[in-house]
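Colleague: I am new to this one and would like to hear what each label rests on. Please take me through it.

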Amino acid sequence: MTDVAAVLFDFSGTLFRLEEDESWFAGITLDSDEDREVDGHVQAELMRRLTAPTGRSVHMTPEALEAWTNRDLAPHLHREAYLHVLRESGLARHHAESLYARVIDPDSWIPYPDTAAVLSGLHRRGVKTAVVSNIAFDVRPAFHGVGVAGDVDEFVLSFEVGAVKPDPAIFRTALDRLGVPPEHALMVGDSDEADGGARTLGCGFALVDPLPTADRPDGLIAALRTHGL
């Protein structure tokens, strides 16, 4: 592609990943069996349902579907949607609320090993960056926590700008804020469907695998190298 002047990054599964530890599930049982704590398989499925970028994984009433469809546009809809998913997955309400609180806590999100190096490296080289995320809570504290908030030029979050990927409007907002035309921008994300929507404007696109952070030490670096960065 043309020389890259800006890189847009997805948040979840791209720069950071929600990774649980055993303490999250201590004492949590399924409604169907109050004597049995959730095992590793159930934990993994719950985490998948909490982080999948597209699609839905449980039965939904029309009201729940409406909240799910618009979950990244408003915090109250995000809460309603994910509590429904957790309740339909078999968790009692107080357990669902406890787990949901972990989801929206920026301290629960773990950066990929190369996240800080990539953001600081691009900043030093004068390549502009933006975090473009379908999300309903402020992720900036996660970047402050690893000392790279100042290396990100713009945070374009769906609940703040009123548009969700793959709607071109959210990518256009990022590009307008950065002052970079789409043909000079690269979008990096873990969803071809959502993040790949940037291609409709003429941006380049690099797909990364949302593996556990320990299993993807240099995925961002590799993605950027394929586009000459």
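Colleague: Where is P166 placed?

Modeller: P166 sits in the loop between α7 (158–161) and α8 (168–178). Helices here are DSSP runs of H or I with at least four residues, strands are runs of E with at least two, and numbering starts from the N terminus. This is a predicted model, in which local features need pLDDT of at least 70 and side-chain atom pairs count only at pLDDT 80 or more, while totals for chains, interfaces and linings use all residues. Residues are numbered from 1 along each chain as its sequence is written, and side-chain values use heavy atoms, with hydrogens and water left out.

Colleague: What is the omega of the cis peptide bond that joins K165 and P166?

Modeller: Omega is about 10° for the cis bond between K165 and P166. Most peptide bonds are trans.

Colleague: Why are α1 and α3 called roughly antiparallel?

Modeller: The axes of α1 (residues 40–51) and α3 (residues 75–88) cross at roughly 155° and come within 10 Å. Axes are lines fitted to C-alpha atoms, for helices over the stretch in contact, with angles from 0 to 180 degrees between N-to-C directions. Under 35 degrees counts as roughly parallel, over 145 as roughly antiparallel, 65 to 115 as roughly perpendicular, and the rest as oblique. The pair α1 and α3 is therefore roughly antiparallel.

Colleague: Which residues make the contact of α1 with α3?

Modeller: L46, R49 and L50 of α1 and Y82, V85 and L86 of α3 make it, where contact means heavy atoms within 4.5 Å. By class there are 5 nonpolar, no polar and 1 charged. Ala, Val, Leu, Ile, Met, Phe, Trp, Tyr, Cys and Pro count as nonpolar, Asp, Glu, Lys and Arg as charged, and the others, Gly among them, as polar.

Colleague: What makes the pairing of R49 and E45 a polar contact?

Modeller: Their side chains are joined at 2.7 Å. The term requires N or O atoms within 3.5 Å, within protein one able to donate a hydrogen and the other to accept it, and residues adjacent in sequence count only if both atoms are side-chain atoms. R49 lies in α1, and beyond its neighbours within four places in sequence it touches S57, V58, W68, Y82, V85 and S89.

Colleague: How do you know that the radius of gyration agrees with a compact globule?

Modeller: With 229 residues, a compact globule would have a radius of gyration near 17 Å, and the protein chain has 18 Å, which agrees. The radius is taken over C-alpha atoms, and the globule rule is 2.2 Å times the number of residues to the power 0.38.
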